[in-house]
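Hi,

Here is the model I promised to pass on.

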Amino acid sequence: MVPGKTYFPNLDGLRFMAAALVVADHLEQSKGNMKLPHNGDLAHWSMLGHLGVLLFFVLSGFLITYLLLEEERKVGRIHYRAFQMRRVLRIWPLYFLLVILAVLVFPSIHLMAMPDQAQEAVRANWPEKLGLYALFLPSLVPAIAGVVPHAGHLWSIGTEEHFYLLWPLLFRLIRRFRILGVVGVIIGYAVLTRFLGSPYADFLPRRDLFFAYWSQFNIDSLAIGALFALLAFKKSKLLKWLLDIRLFLVALVAVAFLMANGTLNEYVSYRTYSAIFGLLILNFAINPKVGRPLEWAPLRYLGRISYGIYIYHLAAIVLVLNVLEPLGLAMDLVTYPLVFALAIGVAALSHRYFEAFFLKFRDRFRPGKPAQALV
């Protein structure tokens with residue numbers, strides 16, 4: 001009754017690379033906000049940071065879906081409650097810790113202040129803010145209750161949490177037509193996003209709030225990862241082409257070139273990037289010809305603590321810049337090593353001394369033992 005171990009090589013390394021893109025983006029944006037010299041176009045950095053989050057989403061969609069399918073194959077069904085409890089123990093402790101710090105603690109610490117953000121404004125409406133975060137609706141906090149700058153990046157955790165609530169239910173409902181269902185989710189999300197952003201949706205009450213939530217939901221990227229997981233699990237005939245090493249190399253070079261050049265237009269959209277990420281993840285995970293280029297032990301460890309790096313990195317950036325700027329030391333040779341060292345160090349301590357307490361209870365909610373740490 002216990003599923004066998006499922007491990008996908010290279011994906012921990014990819015996860016850290018995704019986190020590093022987000023950290024670099026937010027560091028450059030923070031330097032710009034503080035009127036410090038920054039590198040390149042901030043719009044380009046914003047794109048790269050968003051692509052880092054999308055890479056997280058595609059990875060999560062791939063891993064969650066594959067492991068749900070593996071659980072179903074080995075134990076006969078998807079255990080919804082057990083799955084949700086494993087996600088709660090993984091996601092909630094860090095998420096709510098940062099929410100409390102960002103709303104109630106950081107506004108009282110001078111070195112955690114952000115430029116042009118009054119500390120009193122961050123503390124204002126704190127019950128409403130905490131309520132929205134409790135519902136995993138960070139994307140609606142600014143519009144309803146006011147900004148919480150240290151927690152702005154938590155919108156992606158809201159997306160993940162709502163995906164976790166919906167995805168196992170969807171897979172239990174459509175056992176026979178899952179590929180069509182996943183494709184329908186991808187297309188449906190695109191159609192509804194376009195509709196909500198058009199004048200045709202003006203009649204909807206509070207359309208602005210719903211659009212603010214929906215435009216950041218990004219379930220299409222998660223579904224793209226899920227689609228590749230389905231193809232891998234079912235050993236689809238398409239794998240013959242998808243795992244062609246030549247296609248993998250072309251996709252790898254193409255996505256690096258497009259990202260380096262900041263390419264984003266009507267032909268190369270975020271959905272295009274997500275599809276390329278899905279192809280690359282599939283190959284890194286199961287293509288023996290790719291090998292294990294991202295399996296270097298330190299890189300794997302950084303991938304395993306990448307959730308903590310993501311959660312803590314913005315606070316690390318603000319603290320480092322606020323300390324270095326008055327000293328005239330806010331240059332790249334100092335800021336980048338210190339920000340990454342602080343974010344990684346706090347994430348490592350958190351993983352060992354805080355998160356580990358909750359993670360040890362996950363075995364109580366395993367019909368089997370999915371092997372790869374998920375974010």
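**Trp167 and its surroundings**

Leaving out residues up to four places away in sequence, Trp167 touches Thr65, Leu68, Val182, Val185, Ile219, Ala223 and Ala226 (contact means heavy atoms within 4.5 Å). Bear in mind that this is a predicted model: local features need pLDDT of at least 70, side-chain atom pairs count only at pLDDT 80 or more, and totals for chains, interfaces and linings use all residues. Numbering runs from 1 along each chain as its sequence is written, and side-chain values use heavy atoms, with hydrogens and water left out.

Trp167 also turns up in the largest nonpolar core: of its 123 residues, Leu11, Phe62 and Trp167 touch the most other members. (A core here is a set of buried Ala, Val, Leu, Ile, Met, Phe, Trp, Tyr and Cys residues joined through side-chain atoms within 4.5 Å; buried is under 20% relative accessible area, exposed over 50%, partly exposed in between, with a 1.4 Å probe and protein chains only.)

Then there are the aromatics. Phe83, Phe163, Tyr164, Trp167 and Phe171 form one aromatic cluster. The structure holds 25 aromatic pairs (ring centres of Phe, Tyr or Trp, its six-membered ring, within 6.5 Å; planes under 30 degrees apart are stacked, over 60 edge-to-face, the rest tilted). Phe83 and Tyr164 pair edge-to-face, 6.2 Å centre to centre with 80° between the planes. Phe83 counts as buried at 3% relative accessibility, and Tyr164 does too, at 1%.

Arg87 lies over the face of Tyr164, 5.1 Å from the ring centre (the test is NZ of Lys or CZ of Arg within 6 Å of the centre and within 35 degrees of the ring normal).

Cheers
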